[in-house]
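Here are a few exercises to work through with the model open beside you. Try each task before you read its solution.

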Amino acid sequence: MRSRDYARRTLARERAARGDRCAHCGRRLRVRNGRPNLEFAHCSPTHLNGQGRGSVRRARDVARHPECYVLLCRRRIVTG
């Protein structure tokens, strides 16, 4: 449970640092059913890639390499 809390807090802090807005369309952060509508996507590669990377490892990577990630709304990630 601690690791999930760490991931949740870390990602919330990183989202807030980016203004809680989608970098592409400017949509604001909304949380539904405990899940935010904004997610981090790679804008340049890091050592973390592939499926099953886990939320804790992703949160740590976003915190260590913030310049390699962009905050996008889920709709933008799915539709491209």
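This is a predicted model: local features need pLDDT of at least 70, side-chain atom pairs count only at pLDDT 80 or more; totals for chains, interfaces and linings use all residues.

**Exercise 1.** Find which residues Leu 11 is in contact with, leaving aside its neighbours within four places in sequence.

*Solution.* Start by locating Leu 11: it sits in helix 1. Helices here are DSSP runs of H or I with at least four residues, strands are E runs with at least two, and both are numbered from the N terminus. Next, look for contacts, meaning heavy atoms within 4.5 Å. With those sequence neighbours set aside, Leu 11 touches Phe 40, Ala 59 and Val 62.

Residues are numbered from 1 along each chain as its sequence is written, and side-chain values use heavy atoms, with hydrogens and water left out.

**Exercise 2.** Work out how helix 1 and helix 2 pack, and which residues meet.

*Solution.* First, the geometry: helix 1 (residues 2–17) and helix 2 (residues 55–64) have axes 9 Å apart, at an angle of about 35 degrees. (Axes are lines fitted to C-alpha atoms over the stretch in contact, and angles run from 0 to 180 degrees between N-to-C directions.) Now the residues: helix 1 brings Ser 3, Arg 4, Tyr 6, Ala 7, Thr 10, Leu 11 and Glu 14, and they meet Ser 55, Val 56, Ala 59, Arg 60, Val 62 and Ala 63 of helix 2.

**Exercise 3.** How are the rings of Phe 40 and Tyr 69 arranged?

*Solution.* Rings of Phe, Tyr and Trp (its six-membered ring) pair if their centres lie within 6.5 Å; planes under 30 degrees apart are stacked, over 60 edge-to-face, and the rest tilted. That rule gives one aromatic pair. The centres of the Phe 40 and Tyr 69 rings are 6.4 Å apart and their planes stand at 90 degrees, so this pair is edge-to-face. Then place the partners: Phe 40 is in strand 3 (residues 38–42) and Tyr 69 in strand 4, 29 residues apart. Last, accessibility: Phe 40 is buried at 10%, and Tyr 69 is buried at 4%.

Conventions
Buried means under 20% relative accessible area, exposed over 50%, partly exposed in between (1.4 Å probe, protein chains only).
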